[in-house]
Amino acid sequence: MSVRVNILKLIAILGLLSFPASSLAKSEINYRQGSFNRQLLYDVFTESDNQNTLVSPFALRTALTMALMGTNGETADEIEQALRQYDNGEADIPDKYKTMLSKYKSNTNFKMANVICLNHKFRLKESFLQLLSDKFYSTPLLVDFAQPNQAVNAMNRAIEKDTDFTIRNMVERSNLGYNPEALLLSAAAYNGDFALPIPAEGMQEKPFRVSPTSSVDIPMMKYKGKFDYALLTKDLLSTAIRIPYKDSDLSLIVIKPADNVALKRFMRIFHEIDFDLRSLKRKFSETEGYVIMPKFKTEFQVDLKYFLNKMGMTKFFTTARFDEMIQQNQAIHFANVIHKTSIEVKESVATAVPYNFAKSLHPQFEIFEADRPFYYAVVNSNFEPLFEGTFAGMST
């Protein structure tokens, strides 16, 4: 199978990206994309001891797509299955990726790095190198895994360089496993400023309920003015707000479960109904009132081998064929897929509100206080998530 044929297989991956509706004519694409996002975050959340989780579906899809471009046969089928993808025959997907990656490449607050790391003995095909460089702004890294310390240092330097040192110390020797041949690294960090004025003077230490019977004092930001608000009692037993970020099409969505709904229950419902964030676009309406929410910084790292195996990617980690990537006629295996993310949610010095809120259907005064564990996402103008996470009151 040629690289060109592999290109034809990528349309569904772009359920995450912002392109005209004609590019996403079949609604099944969007549904399956949501399934991948919901499954990933839910699995990571339920298996994590720390309920401050954070993943970047955008970064991870990009990384897996890069790997998909170098493979074929059963290995390609497994990646496509994990991504809930099918082929509808479009051939310009890499160009669309380039458009999206170029858009956020210039955003100084959003940093992303996706690197395929391979044994230095492999000879890579020029067509694959050209495709990754031109469309995905990435270059494979060849390392000598027989020298694990040097290999780890080289991989960490590559991620640090591509993320302007917002992501550090991503790889450890323990990540390499036994006799590694390849490793896939995916990292993303965001540190945007809100477009709404949230002054530092309004910051207060307030109780945050980490459980029904205990609380901790954490810094809470306070904003008074207009914002987008949605009542989701029918779908998710929750309420939601949206706050725009400055100088971009990105915004922060916070969904707070009802008083009697624990975060674990909310996440189970969120997963079971395969909730699509894009449905919020028609549910938000402009309101006025107070938003009170934590100031926090979260850094999260997860080895995804276990989770991707659950999604059906088994050959990827055992006997994968990457005939469009390497010149040698042999099967190889990836030791792991490592994903690391970082986000900071903080006060803003904005003095104006250059933002078009949702149409006000039922103007009223609302108080949204995120004083217990909640879900949040950084989304683009189409409500497609670049980041998704949960906050449980333990800032890292």
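Predicted model: local features only at pLDDT ≥ 70, side-chain atom pairs only at ≥ 80, totals over all residues.
- Strand β2 (residues 110-119) pairs with β3 in the parallel sense, over three bridges.
- In that pairing, Asn119 stands opposite Val143 in β3.

**Helix α3 against helix α6**

- Two packed helices are described by the angle between their axes and the distance between the axes.
- For helix α3 (residues 57-68) and helix α6 (residues 126-136), the angle is about 155 degrees and the axes are 11 Å apart.
- An angle over 145 degrees counts as roughly antiparallel, and α3 and α6 are therefore roughly antiparallel to each other.
- The crossing in which α3 passes α6 is right-handed.
- On the α3 side, the residues in contact are Thr62, Thr65 and Met66.
- On the α6 side, they are Phe128, Leu132 and Phe136.
- Sorted by class, this contact of α3 with α6 has four nonpolar residues, two polar residues and no charged residues.

**Strand β6 and its partners**

- Strand β6 (residues 214-231) pairs with strand β5 (residues 204-211) in the antiparallel sense, over seven bridges.
- A hairpin of two residues joins β5 to β6.
- Across from Val216 in β6 stands Phe208.
- With strand β9 (residues 285-294), β6 pairs in the antiparallel sense over 10 bridges.
- Phe227 stands opposite Thr287 in β9.
- With strand β7 (residues 238-244), the pairing of β6 is again antiparallel, and it has four bridges.
- Asp228 has Arg242 in β7 as its bridge partner.
- The strands β6 and β7 form a hairpin with six residues between them.
- In the turn of this hairpin, Leu237 has a positive phi of about 50 degrees.

- Pro57 is located in helix α3.
- The relative accessible area of Pro57 is 1%; the cut-off for buried is under 20%, so Pro57 is buried.
- Pro57 and Phe36 are 21 residues apart in sequence, and their C-alpha atoms are 8.5 Å apart in space.
- Ser238 is located in strand β7.
- Ser238 is buried, with a relative accessible area of 1%.
- Leaving aside residues up to four places away in sequence, Ser238 touches Leu231, Leu232, Thr233, Ile255, Lys256, Pro257, Ala258 and Phe266.

**The whole chain**

- The chain has nine helices and 16 strands.
- Of its 396 residues, 59% are buried.
- Among contacts between residues at least 6 apart in sequence, 79% join residues at least 24 apart.

How values were computed:
Residues numbered from 1 in each chain as written. Heavy atoms only, no water. Axes fitted to C-alpha atoms, helices over the stretch in contact; angles between N-to-C directions. Parallel < 35°, antiparallel > 145°, perpendicular 65-115°, else oblique. Left-handed = near helix turned anticlockwise from the far one by under 90°. Contact = heavy atoms within 4.5 Å. Nonpolar A, V, L, I, M, F, W, Y, C, P; charged D, E, K, R; others polar. Pairing = 2+ DSSP bridges. Buried < 20%, exposed > 50% of the residue type's maximum accessible area, 1.4 Å probe, protein only.
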